[in-house]
Amino acid sequence: MSRSELVIYTVLEVFIAIACCLGNLLVIWAVWSSRVLRKTTFCFVVSLAVADFLVGAVVVPLAVLIDGRVKTRFYTCLFISCVVIVLTQASVHSLLAIAVDRFLRVHNPLRYRGAIKKQNLWAAVTVCWVSASFLGFIPLFGWHKEDPTTNVNSTLTCEFLAVIPMSYLVNFVFFVCILPPTVVMFALYLYIFCTISKQLRKGIGQAAESTSFLQRERRLASSLALVLVLFAICWFPLYIMNSLSYFKPSLKMPAVAFHIGVLLVHGNSAVNPIVYAFKVPKIKTAYKSILMKLTSWKPNTDQNSQNLDKTVSSSNTNIRYKVKNVQTPKMVLTVSQDL
């Protein structure tokens, strides 16, 4: 890329990083401060928000750093690149956990309520992060490019594709770790929508509570499905370009296209809090409560004392007025008796 394009790319990455951190920190705060949101699905939403927050706080700075800007040892560059992969995989696994949780809740609500406990939730979140770490750190155990450094020249210009082979990104990350889970998630949400619509049409559970439950589930599922659709829109272009470059080396993809793909992947982590604000009423209410607390101000002491004096003065006036009104009937009564 030219220098001007590189500057624009860096500025956009910084903007995305700030948006990721602030937006997802707000999501975490909203769920933590609201008892209504301390439910199973929102536990996985927090896991996704933590992953997206780390994308802004860790992945974006590292991605800018390993874009040929620094010289490091080979395995240092490889470790940094693996950290980027781990955190992006954590987002995928959190999305899959959310979809499975929605599916279980709709498929068998009674059994779901009895089986879900806090210990199980924390275990599921742990599995998401451990599996993401295992899959992301695979290159450290041998699936990486050949180390070009020597004893004389022990460093190299750190670039992601200089240490991570395209075979790993395409054959493993895309075709094993991203594409199948995405297909499964779309299938689960399709099943959820079909099941809820079928139950509403058949009139299963004529009680108002049952109908309200199904409608709430459908609204929440549609919001989370939108998160999944945006994930696919933002992630697939980069991996499709990687696949084209891998299977057709003669097809030269411009560097600008790859950088746009990277921006889309990182930008996806900043979009989710906006979706929650517009599509999930409970999170929207929690947002408003937090923002009101942050923007609230307390009047100064002088103003308080002035208001208090006015209130006391007004109260005294009202008391005197009432006393006069009470005395007047007595006077009238006395005169009438004298007559």
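Me: Why is Arg 102 called buried?
Reply: In this predicted model, Arg 102 has a relative accessibility of 4%. Buried means under 20%. The value falls under the cut-off, so Arg 102 counts as buried.

Me: What makes Arg 102 and Asp 101 a salt bridge?
Reply: The closest N and O atoms of the two are 3.5 Å apart. The limit is 4 Å. The pair is within that limit, so it is a salt bridge. A search of the whole structure finds one salt bridge.

Me: Is Asp 101 buried or exposed, and how do you know?
Reply: Asp 101 is at 4% relative accessibility. Buried means under 20%, so Asp 101 counts as buried.

Me: Why does Ser 91 count as buried?
Reply: Ser 91 is found in helix α3, residues 74-107. Its relative accessibility is 4%. That is under 20%, so Ser 91 is buried. Leaving out residues up to four places away in sequence, Ser 91 touches Leu 48, Ala 51 and Asp 52.

Me: Why is Trp 32 called exposed?
Reply: Trp 32 lies in helix α1. Its relative accessibility is 63%. Exposed means over 50%, so Trp 32 counts as exposed.

Me: Which residues form a nonpolar patch on the surface with Trp 32?
Reply: Trp 29, Leu 291 and Leu 294 form it with Trp 32. Together the four have about 480 Å² of accessible area. Helices α1 (3-33) and α10 (281-295) each give two or more residues to the patch.

Me: What makes up the largest nonpolar core?
Reply: This core has 82 residues. Those with the most contacts inside it include Tyr 168, Ile 178 and Trp 235. Helix α8, residues 208-247, gives the largest share, 16 residues. Apart from this core lies another, of five residues, among them Tyr 9 and Leu 263.

Me: What is Trp 235 in contact with, beyond its neighbours within four places in sequence?
Reply: Trp 235 is in contact with Thr 88, Val 92, Ile 178, Val 265 and Asn 268.

Me: How do you know where to be careful with the model?
Reply: Look at pLDDT, the predictor's confidence in each residue. The chain mean is 81, and 83% of residues reach 70 or more. Over residues 298-313, pLDDT stays under 50, and the model has one contact there beyond four places in sequence. Over residues 315-339, pLDDT also stays under 50, with zero such contacts. Where pLDDT is low, the predicted coordinates should not be read in detail.

Note on methods:
Residues numbered from 1 in each chain as written. Predicted model: local features only at pLDDT ≥ 70, side-chain atom pairs only at ≥ 80, totals over all residues. Heavy atoms only, no water. Core = buried A, V, L, I, M, F, W, Y, C linked by side-chain atoms within 4.5 Å. Buried < 20%, exposed > 50% of the residue type's maximum accessible area, 1.4 Å probe, protein only. Helix = DSSP H or I, 4+ residues; strand = E, 2+ residues; numbered from the N terminus. Contact = heavy atoms within 4.5 Å. pLDDT = per-residue confidence, 0-100. Patch = residues over 30% accessible without salt bridge, like charges linked within 9 Å, V, L, I, M, F, W, Y side chains within 5 Å. Areas by Shrake-Rupley, 256 points an atom, 1.4 Å probe, with all protein chains shown as cover. Salt bridge = Lys/Arg side-chain N within 4 Å of Asp/Glu carboxyl O.
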